[in-house]
Amino acid sequence: MALSIRAKALLFHDPRSSALLEQVERIARSDATVLVIGETGTGKELIARHIHSQSERKGPFIAVNCGAFSESLIDAELFGHETGAFTGATQARSGWFEAANGGTLFLDEIGDLSMALQVKLLRVLQERQVVRLGSRRPIPLDVRLVAATNVDLHKAVAAERFRSDLFYRLSVATVNLPPLCERPGDILPLARHFIGLYSAKLKLENVDLGPDAEAALLAYEWPGNIRELENVIHYALIVCRDGSIRSEDLRMVGTLHRSRPASVPSQYSQPLQLPPEQQQRHLHAVPASRAEEVQPAPALRQRLESLFNEFIEAGEPVLFDTVEEALIRTAYAWCHQNQVQTAKVLGISRNILRTHLKRFGLIGGTDGGAESSTPAESGQFRHISIAL
Ligand SMILES: Nc1ncnc2c1ncn2[C@@H]1O[C@H](COP(=O)(O)OP(=O)(O)O)[C@@H](O)[C@H]1O
Ligand SMILES: [Mg+2]
């Protein structure tokens with residue numbers, strides 16, 4: 001399975017990581033509820049997926065971000081609802097607990113759960129059954145729960161923002177993911193991994209990492225951890241020349257590692273723009289079966305189609321335009337406003353791309369025509385904010 005091989009190969013590099021991976025795999029085989037603790041970007045979700053893939057559970061892995069919902073929505077999302085349970089509930093829907101039946105439910109940012117929902121969650125965990133909103137019929141559950149937090153839940157318990165009984169129930173097994181700077185042996189293998197991953201997406205070949213870039217990567221403190229490293233490499237691939245990443249291609253915003261000599265040039269001061277999928281992580285289900293994980297394309301397509309269904313059901317008035325605009329904006333942000341790369345990623349010509357960019361006000365010009373390329377490249381439009 002692609003995912004576990006990837007995680008294994010990389011987590012094994014630093015001795016701390018390989019010890020952690022062994023612990024995770026031991027835990028995975030049980031059905032115990034797991035609490036994954038770590039700073040943002042340390043790989044909590046990846047670990048949760050790995051726990052699922054290493055378990056014997058045949059059902060799906062469902063990821064839910066507890067911080068991304070309004071109070072009233074998350075209730076229905078988690079537990080499901082019957083027709084007419086609330087205004088707008090025109091159809092009965094199963095919640096995420098039901099959807100994860102036989103599999104694993106990953107509750108991300110569990111520290112963001114309101115007190116009211118904490119009570120409900122506790123009840124589900126105790127009773128191992130769920131009752132949809134507007135229904136009385138309990139539905140039995142066989143769900144393995146993995147929760148993640150980047151806040152200190154002990155402190156939250158002490159401050160009475162998190163129920164201690166829920167905390168103890170969630171932390172039957174805990175996995176502490178150290179920040180990237182505490183496992184330096186992972187930095188370069190991860191960087192190379194991301195070079196491979198993003199080179200393929202950007203249709204680049206044989207990009208390597210210059211010695212000065214390696215030194216800079218090792219000297220940095222990585223406040224945004226692996227996600228920041230991924231981002232830095234993605235950006236470096238877009239701006240690097242002659243198939244080699246140099247230190248000046250690396251945009252890092254934090255400070256240098258405290259324990260190392262400050263031998264790194266001082267150009268790491270430009271703002272880093274996170275791609276939208278990393279700015280806002282809402283909720284998504286990943287493929288149910290292992291066979292599907294090996295071929296992500298059909299599963300991704302299914303997710304896309306089910307999203308379209310939701311849009312259609314919601315009666316989105318100008319669906320075609322909405323989808324087109326979202327696609328163009330997302331790809332343009334992902335490529336850090338580089339038109340040549342955006343066109344490549346989308347598989348369209350640069351002229352056609354420019355027509356769309358103008359239409360959506362992402363670049364200047366009012367003619368909307370597919371005129372020849374003017375140098376309205378990257379830097380100029382960095383201020384555009386993307387909200388999907
Ligand atoms: N050990 C690893 N090997 C490869 N990629 C990793 C590893 N850990 C994290 N990543 C990648 O780093 C990014 C952030 O990981 P994620 O699990 O979303 O972090 P968190 O949930 O802690 O914020 C993701 O793109 C993930 O695939
Ligand atoms: Mg996460």
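Analyst: A nonpolar core is a set of buried Ala, Val, Leu, Ile, Met, Phe, Trp, Tyr and Cys residues joined through C-beta atoms within 7 Å. The model here is a predicted one.

User: How many residues does the largest nonpolar core have, and which have the most contacts inside it?

Analyst: The largest nonpolar core has 43 residues. Val36, Ile62, Leu105 and Phe106 are those with the most contacts inside it. Another core, of 24 residues, lies apart from it and includes Leu190, Phe194, Ile245 and Leu250.

User: How are two packed helices described?

Analyst: By the angle between their axes and the distance between the axes. In this structure, take helix α2 (residues 15-29) and helix α3 (residues 44-54): their axes come within 8 Å and cross at roughly 50 degrees. The two are therefore oblique to each other, and the crossing of α2 and α3 is right-handed.

User: Which residues make the contact?

Analyst: On α2 they are Val24, Glu25, Ile27, Ala28 and Arg29; on α3 they are Ile47, His50, Ile51 and Gln54. By type, the residues of this contact divide into five nonpolar, two polar and two charged.

User: Is Leu319 buried, exposed or partly exposed, and why?

Analyst: A residue is buried if 20 or more other C-beta atoms lie within 10 Å of its own, and exposed if 12 or fewer do. Leu319 has 13 within 10 Å, so Leu319 is partly exposed.

User: Where does Leu319 lie, and which residues does Leu319 touch?

Analyst: Leu319 lies in helix α15 (residues 319-334). Not counting residues up to four places away in sequence, Leu319 touches Phe311 and Ile312. Phe308 is 11 residues from Leu319 in sequence and 8.8 Å away in space, C-alpha to C-alpha.

Conventions:
Residues are numbered from 1 along each chain as its sequence is written. Chains are lettered from A and ligands numbered from 1 in the order in which they are written. This is a predicted model: local features need pLDDT of at least 70, side-chain atom pairs count only at pLDDT 80 or more; totals for chains, interfaces and linings use all residues. Helices (H or I, at least four residues) and strands (E, at least two) are DSSP runs, numbered from the N terminus. Two residues are in contact if their C-beta atoms, placed from the backbone, lie within 7 Å. Axes are lines fitted to C-alpha atoms, for helices over the stretch in contact, and angles run from 0 to 180 degrees between N-to-C directions. Angles under 35 degrees count as roughly parallel, over 145 as roughly antiparallel, 65 to 115 as roughly perpendicular and the rest as oblique. A crossing is left-handed if the near helix is turned anticlockwise from the far one by less than a right angle, and right-handed if clockwise. Ala, Val, Leu, Ile, Met, Phe, Trp, Tyr, Cys and Pro count as nonpolar, Asp, Glu, Lys and Arg as charged, and the others, Gly among them, as polar.
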